[in-house]
Amino acid sequence: MRSTFLPFAPPFLRDEEVEAVTEVLRSGWLSRGPRTQEFERAFAEHVGSPAALGLNSCTAGLHLSLVVLGIGPGDEVICPTMTFAATVNVVEHVGATPVLVDVCPDTLCIDPEAVEAAITPRTRAVMVVHYGGHPADMGALQDIGRRHGVQIVEDAAHAFPAKVGGEMVGASGRPTSFSFYATKNLTTGEGGMLTGDAETIERARALSLHGIVGDAWDRHSDNGRWSYRVAAPGFKYNMTDVQAALGLVQLGRLDEMQRRRREVARFYREHLGDEPAVLLPVEKEGVESSWHLFPIRLTDVARERCPPPPDAHRTPDLGPMGAVRDRFIDELRRRNIGTSVHYIPVHLHPYYRERYALEPGMFPVAQDAFQRLVSLPIHPGLTDEDLHDVVEAVRGALRP
Ligand SMILES: Cc1ncc(COP(=O)(O)O)c(C=O)c1O
């Protein structure tokens, strides 16, 4: 058994990042400035987007997307229940009503049929989450959007870099938000990027800095003016040059980092593909996953082999399968392997459950998946030895 703990998703940083950040610290300019502009240009070019806006989080990008689209009280926004709460919280922030729907059994991305069934005359947008970095069924979702006059807003927190039909997620011109949180494929510690058409990005840019029009950052530089104008009550959502310096270095070696992620995914497939106690994540024809996560699901074989004790319900809303999963996670931890669970579906969180009278049975796919899901470590820092340790621990923990 492994003697040291293998963390689930540590950031992959080298001296280059330290030097780039130090340079900014020494430059006398810490907030939004030239590095952020450079990062925005480089990111937009990388994904093929007309424009990009550096932000302090993906959540900020999602919120700004809804504000710019003019979504507010009386409007409904359809969201998958299998996501991080941020996707849905921003709908509440603009005063609209989130309408949760179930996900596809294979990808755990929003189910287009469930979206179509949930559309009402009040539906204004669909929040599409590319779960784990696997793109959602954009063809079907775009078609629904067109037919019903409904906007598509992409939560691409996990999906950099990912492709749909050869095109990068973020290239579509639709508002698309990326996360650079510490565990993401590219990190700036905390941070995010919003891509979209030039007009959306310009409106979001003003809103991201108090609603000040023009590129407000340079009013403190030697060629800036003291004067500024607030055109709307905006937010404080801007990225800083410290974050952008980190992001630029990470972008420069994205290919190297992604190569390793794909190798890790391939290794797990090769070494766990014959294990009937687990179901592995898919990569469907025509798309390229970012492999941000490697979420496996325990099957009924795991339950037969390792039945839960009768009083094993530790987490509310978890059935016997959830107890098997929880014990599996404990077993992996005992074997020094860090894991996580993505996600506790939104309909199970007390706020949403109570406010919208939601029941676990309303979302059978997400509810069932939640009880079986475990995300295995996947990041560029994993060595071959680490991967053998994970596989050995998974197989060992599933032995009766
Ligand atoms: C699906 C999803 N959406 C949105 C977010 C929010 O990202 P951020 O922390 O950058 O605001 C996360 C964070 O992990 C996420 O997983």
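**Buried, exposed and in contact**

Analyst: On one side of helix H2, Arg41 and Glu45 are exposed. That label requires a relative accessible area over 50%. The model is predicted, so such labels apply to a computed structure.

User: Which residues of H2 are buried?

Analyst: Thr36, Phe39, Glu40, Phe43, Ala44 and Val47 are buried in H2. They lie on the same side of the helix, because they cover an arc of only 130 degrees around its axis. In general, an α-helix has 3.6 residues a turn, so residues three or four places apart point the same way.

User: What do the buried residues of H2 pack against?

Analyst: Their partners are strands S1, S7, S8 and S9, together with helices H7 and H8.

User: How do you know whether the span of H2 is close to the expected one?

Analyst: H2 covers residues 34-47, which is 14 residues. Its first and last C-alpha atoms are 20 Å apart, and 20 Å is expected at 1.5 Å a residue. The span is therefore close to the expected one. After H2 comes glycine 48, with a positive phi near 80 degrees.

User: Why is serine 57 called buried?

Analyst: Serine 57 has a relative accessibility of 18%. The cut-off for buried is under 20%, so serine 57 counts as buried. Serine 57 sits in the loop between S1 and helix H3.

User: What makes the pair formed by the side chain of serine 57 and the backbone nitrogen of threonine 59 a polar contact?

Analyst: The distance is 3.3 Å. The limit for N or O atoms is 3.5 Å, so the pair falls within it.

User: Is serine 375 buried or exposed?

Analyst: Serine 375, in strand S13, has 1% relative accessibility, which is under 20%, so it counts as buried. Leaving aside neighbours within four places in sequence, serine 375 is in contact with several residues, including Phe8, Phe294 and Pro295. Its side chain also has a polar contact of 2.8 Å with the side chain of histidine 342.

User: Which residues come nearest to the ligand?

Analyst: Of the 15 residues around the ligand, these are Thr59, Asp155, Ser179, Lys184 and Tyr343. An N or O atom in the side chain of tyrosine 343 is 2.5 Å from a ligand oxygen atom. For lysine 184, a polar side-chain atom lies 2.7 Å from an oxygen atom of the ligand. The protein covers 91% of the 390 Å² of accessible area that the ligand has on its own.

Definitions and conventions:
Residues are numbered from 1 along each chain as its sequence is written. This is a predicted model: local features need pLDDT of at least 70, side-chain atom pairs count only at pLDDT 80 or more; totals for chains, interfaces and linings use all residues. Side-chain values use heavy atoms; hydrogens and water are left out. Helices (H or I, at least four residues) and strands (E, at least two) are DSSP runs, numbered from the N terminus. Buried means under 20% relative accessible area, exposed over 50%, partly exposed in between (1.4 Å probe, protein chains only). The arc is that of the directions from the helix axis to the C-beta atoms. Contact means heavy atoms within 4.5 Å. A residue is near a molecule or strand if one of its heavy atoms lies within 4 Å of it. A polar contact is a pair of N or O atoms within 3.5 Å; within protein, one must be able to donate a hydrogen and the other to accept it, and residues adjacent in sequence count only if both atoms are side-chain atoms. Accessible areas come from the Shrake-Rupley method with a 1.4 Å probe; for residues, only the protein chains shown count as cover.
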